[in-house]
Amino acid sequence: MAMDYADVSKRIISAVGGADNISSATHCMTRLRLILKDQSKADDSRVEGIKGVKSVIKQGGQYQIVIGNEVSNLFKEFSKLGRFTEDGGEAPKAEGPVIQRLFGFVAGCLTPMLPAMLGTGMLKVLLTLLTTLKVISATDATYQIFYSIADGFFYFLPVFLGWSIAKKVNGNAPMYMAVGALLCYPDLVSMMGGTLESATEYGTFLGMGCTYLFGVIPVIETTYTSSVVPMLLMAPVMKWAEDFADRVSPNVLKAFLKPLLFMLICTPVVMVVLGPIGGVIGNVMAAGFNKMYGAVPWLTVGVLSALMPFIVMTGMHYALIPLFMNNLATLGFDVVVLVTMFCSNICQGGAAFGVAAKTKDVETRSEGIACGISATIAGVTEPALYGINLRYMKPMIGAVAGAGTAGLLAGILGVKGYSMGGSPSFLSLITFIGGENPYHSVIWGAVCGVIGLAISFAVSFVLYKDPQKQAAGTSNQISGTDDSSDMAPSVSDETLASPVTGEVKPLSEVEDDAFSSGALGQGIALVPAEGKVYAPADGEVTTFFPTGHAIGLQSDKGAEVLIHVGMDTVKLEGKGFTPKVTQGSRVKKGDLLLEFDLNLIQQEGYSIVTPMIITNTDDYTSVVPSGVTSIRKGETAIKLSR
């Protein structure tokens, strides 16, 4: 029977203390995640008693209600009833490795802008096709109007990023956007380029042109339009400045004093310190690559192609523009920008295509295809870079590998660009026409692009794995980790062996309702004849509970298996249990996982009934026990079918 989302939502809101007790509500693949003002007001047993709720987990400051794969539909009704948004409330403190948290923050800031990135990127593709086919001219008013919105989003990217950062850190969006607008302000852009007539104070600092703040503090000349790193670096500064200004401003003056202090703090920091960092590094890199190309051109193109997505992400590619222009003027060709960005852009698209081909999620597939077309046809990589490759991280490995290989081949084959054109892509290959053999670079450039596309596609396809849906009671729940951080292989038909020798019972006969009801998944119950547990399949030990009584294993074919030795044996606190492997261990079918003292468990008054649960039951069409009443370890226990 279908779940009544509205009714279930009403019951949940009531059971957790009412809408007024909910600071914010979000959801992941299987869980409704609430931040409650007072968790003591929530009645856990009442929540768990609601039909459709599998369990309740309290973790990381969140009140998590496990629903299953219907949670996204439930959330639509839930948010309507409580008028909740996914922005509200203070997010729990981020945990995990620093790099993971950093990428998580960047993705969290950039993902909300994905629809605009996709729309404007695809509009550029359309305009490129129309001009290439000579349907319209780039000088037509129609072209200019549509190009303005297509290019305007990326030009004013710091402004949009200010909004997204404010949303991420619960800041004041207009104030954060004002900092982004500063970086894009036309007169400032002109002044930083040395073309604003009214600004006469110019000098040099660290070998670069600069103007001065207050007449003494050097502000390095650079361009911030279309960049992201200055605003990302400013995120903690803006948050601190906002909190500081709020704290020191008297209530009677706060309406104007708080934003004034915010602007006074953020303006010099972004203009004098954080903003110019990208420009400084970019200039140093440009000089270094110029020397490298003179010595080993093939290696230079390969390395720069591989690094180009990160250079673009920082906005440092603008530092290469003077070198690019100088090369065209003095040498008649360029490789530093035209060739390396061609290789990089194609491979960003190839990695996105790899995700689209691998994913089973319709929305992700649509995004991957759109991002791939945008990068390979129009050379607009921001949607692929931020929306797919950095978002899922592993596809980025494919993009870098493909770009590095394509660039290396392009350097060896002497591929060069001879004229300015659109953003480097397959459609811009016409800019490679020139030299003594006019079509040499066009032909071999296309070959390098196709090879890079194939490599980035293949690597991304192999490495990318969809975030898997999890039922209640997965091994992650046992360990207390977050289900959203793990990626599991796609499930396929599989046969699981018995982990013990002993008697077999239906799961429904287990005295613990959490197992017998099937809420944790389908499976069997075993009564061990000896105190040993063996691996039921090849795979990885994803969880080994500290007390040794419960093991979570993920098979190579995608089954998530929970083996729980005895009932309430967690209370033994590890007494009588001797683990033979550790969490994270790779195991083969039949490997010894655990030894336990059968007599001790029974003497302490605990049942030795051992459930073997398939916690991702929802991923299969059938979970069929072998039907025997006694079994030996290694014999077929459960058959799984998609």
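## A guided reading of the predicted model

Glutamate 573 is exposed, with a relative accessible area of 68%. The structure that contains this residue is a predicted model. Glutamate 573 lies in the loop between β14 (560-564) and β15 (577-579), and its phi is positive, about 55°, although the residue is not a glycine. Methionine 393, likewise not a glycine, has a positive phi of about 70°. Its place is the loop between α16 and α17 (394-413). With a relative accessible area of 37%, methionine 393 is partly exposed, because it falls between the limits of 20% for buried and 50% for exposed.

A pair of aromatic rings is described by the distance of the centres and the angle of the planes. The count of aromatic pairs comes to 10. One of them joins tyrosine 392 and tyrosine 464: the ring centres are 5.3 Å apart and the planes stand at 75°, so the pair is edge-to-face. This pair links distant parts of the chain, 72 residues apart, for tyrosine 392 belongs to helix α16 (residues 382-392) and tyrosine 464 to the loop between α18 (440-463) and α19 (475-479). Both tyrosine 392 and tyrosine 464 are buried.

Phenylalanine 457 and phenylalanine 461 form a stacked aromatic pair, with 6.1 Å from centre to centre and 15° between the planes. These two residues are 4 residues apart in helix α18, so about one helical turn separates them. Phenylalanine 457 is partly exposed at a relative accessible area of 31%, and phenylalanine 461 also counts as partly exposed, at 33%. Elsewhere, ring pairs link Phe342, Phe426 and Phe432 into a cluster.

Rings also meet charged side chains. Over the ring of phenylalanine 461 sits the charged end of lysine 358, 5.2 Å from the ring centre. In another such contact, the charged end of lysine 633 sits over the ring of tyrosine 534, 4.6 Å from its centre.

The strands complete the tour. Strand β9 (residues 502-506) runs antiparallel to strand β10 (residues 522-528), and 5 bridges join the two. Strand β9 is also joined to strand β20 (residues 630-631), by 2 bridges and again in antiparallel fashion. Glycine 502 takes part in both pairings: its bridge partner in β10 is proline 528, while in β20 it stands opposite isoleucine 631.

Notes: Residues are numbered from 1 along each chain as its sequence is written. This is a predicted model: local features need pLDDT of at least 70, side-chain atom pairs count only at pLDDT 80 or more; totals for chains, interfaces and linings use all residues. Side-chain values use heavy atoms; hydrogens and water are left out. Rings of Phe, Tyr and Trp (its six-membered ring) pair if their centres lie within 6.5 Å; planes under 30 degrees apart count as stacked, over 60 as edge-to-face and the rest as tilted. Buried means under 20% relative accessible area, exposed over 50%, partly exposed in between (1.4 Å probe, protein chains only). A charge sits over a ring if NZ of Lys or CZ of Arg is within 6 Å of the ring centre and within 35 degrees of the ring normal. Two strands pair if DSSP finds at least two bridges between them.
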